[in-house]
Number of protein chains: 2
Amino acid sequence: MRRAGSTRDQTWRAIRAAGIRLIADHGYEAASLRLLAREVGVQAGSLYNHFGSKQEFLARLLTEIMQELLAELDAALAADSDPVAQLRAFVALHIRFHTARKDEVFIGNMELRSLTRQGFKTVTGLRGRYEDRLQAIIERGMKAETFGVPDARVAAFALIAMLTGVCTWYDPRGRLSQARLIDLYTDFAFRLVGYGGR
Amino acid sequence: MRRAGSTRDQTWRAIRAAGIRLIADHGYEAASLRLLAREVGVQAGSLYNHFGSKQEFLARLLTEIMQELLAELDAALAADSDPVAQLRAFVALHIRFHTARKDEVFIGNMELRSLTRQGFKTVTGLRGRYEDRLQAIIERGMKAETFGVPDARVAAFALIAMLTGVCTWYDPRGRLSQARLIDLYTDFAFRLVGYGGR
DNA sequence: ACGCTAAATGAACAAACGTTAGTTTTCAAT
DNA sequence: ATTGAAAACTAACGTTTGTTCATTTAGCGT
């Protein structure tokens with residue numbers, strides 16, 4: 001039987017939201033489909049109207065998250081091509097995304113190993129492009145002699161790791177507001193790339 | 001039957017090593033005891049001669065890892081009480097530990113959510129003490145006016161996240177040696193805390 | 001208004017899971 | 001050399017897991 005007032009899209013959004021929360025809380029393997037179904041208010045078998053397998057579900061979640069992050073980044077970087085402005089935009093976007101949607105990026109970082117080869121390649125490919133964006137900003141800043149780092153690739157890795165760390169401890173009701181966090185980390189970022197004109 | 005030439009200690013070390021590798025590769029939930037037993041060369045039931053439950057096994061692994069990290073840190077910091085020397089020692093130890101024993105720290109960061117409340121409290125308690133060490137170094141550096149950061153706690157978090165990131169991409173056979181990494185990250189660390197005399 | 005499709009149900013599947021129990025063999029101390 | 005404890009084996013247990021299937025019902029385009 002089909003339930004009254006249910007559309008494909010509504011149910012999918014509920015599945016997606018519950019899936020992200022459950023996987024973030026317990027991990028992919030420990031998040032059972034029966035538990036997921038209960039959270040959605042549905043039987044376990046019904047989930048297969050919305051995905052082909054649990055594995056495909058995970059791959060879809062992670063891929064979509066990375067695609068959204070990358071799309072938002074490109075939108076944020078389009079406004080200004082100056083490396084200083086772009087680094088500022090990068091930090092702001094990254095922190096905003098990683099605090100507002102911490103569960104999603106959390107599983108995006110944690111559950112890569114739960115993917116099969118194909119999904120893994122897709123998601124790490126997207127992640128690689130994200131890292132490349134930052135590396136390119138740093139390199140252009142060095143060419144313009146406004147930034148100075150000994151190794152642009154490692155600097156990009158160090159920066160992203162530093163920024164991503166917030167999603168492991170950030171608490172929306174905590175001591176620091178999102179805006180304050182962005183200020184702090186923007187400062188750290190410019191220090192890291194050796195930008196003098198702060 | 002007991003197997004020829006086997007002692008409690010030998011088997012335990014094999015279990016520990018295989019457990020760390022399997023959990024790092026597949027995650028705690030996905031690392032089954034039957035697979036672990038096969039890697040050790042033993043039957044699944046035999047594992048219960050060495051731990052009380054899978055959950056206790058994980059808690060023991062993570063606790064020991066954090067204890068060793070903390071002990072090595074305290075040993076490294078004992079040599080010199082100067083904040084500059086101590087920050088240098090902190091970075092060197094952290095990178096060395098996180099590259100040499102990357103699987104262990106990897107699960108130490110990833111599998112916290114798989115612990116029950118008690119184990120979780122123990123491990124995060126140790127981790128908190130580790131973070132406090134770094135925060136104390138930064139604060140003493142600020143009091144001496146050799147360091148300058150807007151928020152010592154966030155700076156400590158940012159630093160640790162930055163340094164810990166290496167264990168997600170470091171490859172012993174890759175472009176960068178361990179020594180080179182330490183140099184790079186030491187530089188980043190001093191930039192981050194605003195140390196002028198580099 | 002009707003009919004087709006799509007979303008749900010509930011029951012069942014085999015496989016894999018953590019764990020326990022009883023038994024057998026080796027090690028180490030007497 | 002004998003004995004008691006320790007470490008391994010085999011076998012089985014009750015759950016839980018992801019997944020499938022036939023069936024039922026609601027939504028939507030014609």
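Helices here are DSSP runs of H or I with at least four residues, strands are E runs of at least two, and both are numbered from the N terminus. With that in hand, chain A reads α-α-α-α-α-α-α-α-α along its sequence, that is, nine helices and zero strands.

A quick word on the model: it is predicted, so local features need pLDDT of at least 70 and side-chain atom pairs count only at pLDDT 80 or more, while totals for chains, interfaces and linings use all residues. Residues are numbered from 1 along each chain as its sequence is written, and chains are lettered from A and ligands numbered from 1 in the order in which they are written.

**Chain A overall**

Of the 198 residues in chain A, 34% are buried (20 or more other C-beta atoms within 10 Å of a residue's own, with C-beta atoms placed from the backbone). What about contacts, meaning residue pairs whose C-beta atoms, placed from the backbone, lie within 7 Å? Among those in chain A between residues at least 6 apart in sequence, 69% join residues at least 24 apart.

**How the two chains meet**

The contact takes 25 residues from chain A and 25 residues from chain B. On the chain A side, the elements giving two or more residues are helix 1 (8-26), helix 7 (152-164) and helix 9 (178-192). That side has 13 nonpolar, six polar and six charged residues. Here Ala, Val, Leu, Ile, Met, Phe, Trp, Tyr, Cys and Pro count as nonpolar, Asp, Glu, Lys and Arg as charged, and the others, Gly among them, as polar. The copies meet through the same surface, because 100% of the interface residues of chain A are also interface residues in chain B.

**Helix pairs inside chain B**

Angles run from 0 to 180 degrees between N-to-C directions, and axes are lines fitted to C-alpha atoms over the stretch in contact.

| Helices of chain B | Angle | Axes apart |
|---|---|---|
| Helix 3 (residues 54-77) and helix 5 (residues 102-110) | about 115° | 10 Å |
| Helix 3 and helix 6 (residues 117-143) | about 15° | 9 Å |
| Helix 7 (residues 152-164) and helix 9 (residues 178-192) | about 165° | 11 Å |

So helix 7 of chain B is roughly antiparallel to helix 9 of chain B (angles over 145 degrees; under 35 is roughly parallel, 65 to 115 roughly perpendicular and the rest oblique). Which residues make this contact? B:Ala155, B:Ala158, B:Leu159, B:Met162 and B:Leu163 come from helix 7 of chain B, and B:Tyr185, B:Phe188, B:Ala189 and B:Leu192 from helix 9 of chain B. By class, that's nine nonpolar, no polar and no charged residues.

Helix 3 of chain B and helix 6 of chain B are roughly parallel to each other. Their contact divides into ten nonpolar, four polar and three charged residues.

In the remaining pair, B:Leu62, B:Ile65 and B:Met66 of helix 3 of chain B meet B:Glu104, B:Val105, B:Ile107 and B:Gly108 of helix 5 of chain B. This contact has five nonpolar, one polar and one charged residues.

Methods: Two residues are in contact if their C-beta atoms, placed from the backbone, lie within 7 Å. A residue is buried if 20 or more other C-beta atoms lie within 10 Å of its own, exposed if 12 or fewer, and partly exposed in between; C-beta atoms are placed from the backbone.
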